[in-house]
Amino acid sequence: MPKVTFFNLPENKKQTLLHAAKNEFSRVPLFDASISNIIKSAGIPRGSFYQYFEDKEDAFFYLLGEFAKEKKCRFLEILLKHDGDLFDSYIEFFDLIISEEENLQFLQNALLNMTHKIERTFEKMVSENEINEDFTKISILINKNKLSIESDKELFHAVQIITTVMFRNLIHTFAQEVSYQEAMENYRLEISLLQKGLSSNKI
């Protein structure tokens, strides 16, 4: 978490610093990122950087957390737009993510260099690690009549499964440099399989 001095910065200076950091984390993964490049781009002394952040990891995870929060708001808007249809919502959300050119390199570097902490941060976009108040906010918007579920616990795990499929597709898209059209076709196919179910027997 950034230090209080960062939050007390004028908005234009705050955005300049964040823009510089995001550019660096878009250029290279976190491990290879350089504080020297960030401060040079932001036009601040090295000492000032450490007045705002503990280290480059602090800056990176703040940016990633803000990205996740913004995308969670967008996901809720998409759920409302699709009247709670979970499958249609995930398809549009996936489309949104791979279409945003301004975030693509930042996202690609994060996903292709995944750590447990990065994974936990990404999960906050559309799901949670446990059934809590935030998950309840999402579940209220989901049209459960379109799902073959019998409890909140089943709904929680259904969302976790669909989220995992989405991230697998994102990683595959970035790692294999899959085209937009192919990425969408692959994802639609996998979502369709989840929607229909994989068993030929009625349980």
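Predicted model: local features only at pLDDT ≥ 70, side-chain atom pairs only at ≥ 80, totals over all residues.
Local features need pLDDT of at least 70, side-chain atom pairs count only at pLDDT 80 or more, and totals for chains, interfaces and linings use all residues. Residues are numbered from 1 along each chain as its sequence is written, and side-chain values use heavy atoms, with hydrogens and water left out.

Start with helix α2 (residues 11-27) and helix α7 (residues 101-111). Helices here are DSSP runs (H or I, at least four residues), numbered from the N terminus. The axes of α2 and α7 come within 7 Å and cross at roughly 60°. Such axes are lines fitted to C-alpha atoms over the stretch in contact, and angles run from 0 to 180 degrees between N-to-C directions. The two helices are therefore oblique to each other. Angles under 35 degrees count as roughly parallel, over 145 as roughly antiparallel, 65 to 115 as roughly perpendicular and the rest as oblique. The crossing of α2 and α7 is left-handed. In a left-handed crossing the near helix is turned anticlockwise from the far one by less than a right angle; clockwise makes a crossing right-handed.

Which residues of α2 and α7 meet? K22, F25, S26 and R27 come from α2, and E102, N103, Q105, F106 and N109 from α7. Contact means heavy atoms within 4.5 Å. By class, this contact of α2 with α7 has two nonpolar, four polar and three charged residues. Ala, Val, Leu, Ile, Met, Phe, Trp, Tyr, Cys and Pro count as nonpolar, Asp, Glu, Lys and Arg as charged, and the others, Gly among them, as polar.

Now follow α6 to helix α11 (residues 180-196). Their axes lie 10 Å apart, at an angle of about 160°. That makes α6 roughly antiparallel to α11. The crossing is right-handed. Among the residues in contact are F87, Y90 and F94 of α6, and Y180, Y187 and R188 of α11. The contact of α6 with α11 divides into eleven nonpolar, two polar and two charged residues.

Next come the rings. The structure holds 14 aromatic pairs. Rings of Phe, Tyr and Trp (its six-membered ring) pair if their centres lie within 6.5 Å; planes under 30 degrees apart count as stacked, over 60 as edge-to-face and the rest as tilted. F6 and Y62 form an edge-to-face pair, 5.5 Å centre to centre with 75° between the planes. F6 sits in helix α1 (residues 4-7) and Y62 in helix α5 (residues 56-81), 56 residues apart. F6 is buried at 0%, and Y62 is buried at 15% relative accessibility. In a second pair, F25 and F60 have ring centres 5.2 Å apart and planes at 80°, so this pair is edge-to-face. F25 in α2 and F60 in α5 are 35 residues apart. Ring pairs also link F6, F7, F49, Y50, F53 and Y62 into a cluster.

Last, look at two loops. Most residues other than glycine have a negative phi. D83 has a positive phi, near 55°. D83 lies between α5 and α6, and counts as exposed (over 50% relative accessible area) at 63%. E177 has a positive phi of about 55°. E177 lies in the loop between α10 and α11, and is exposed at 69%.

Terms used: Buried < 20%, exposed > 50% of the residue type's maximum accessible area, 1.4 Å probe, protein only.
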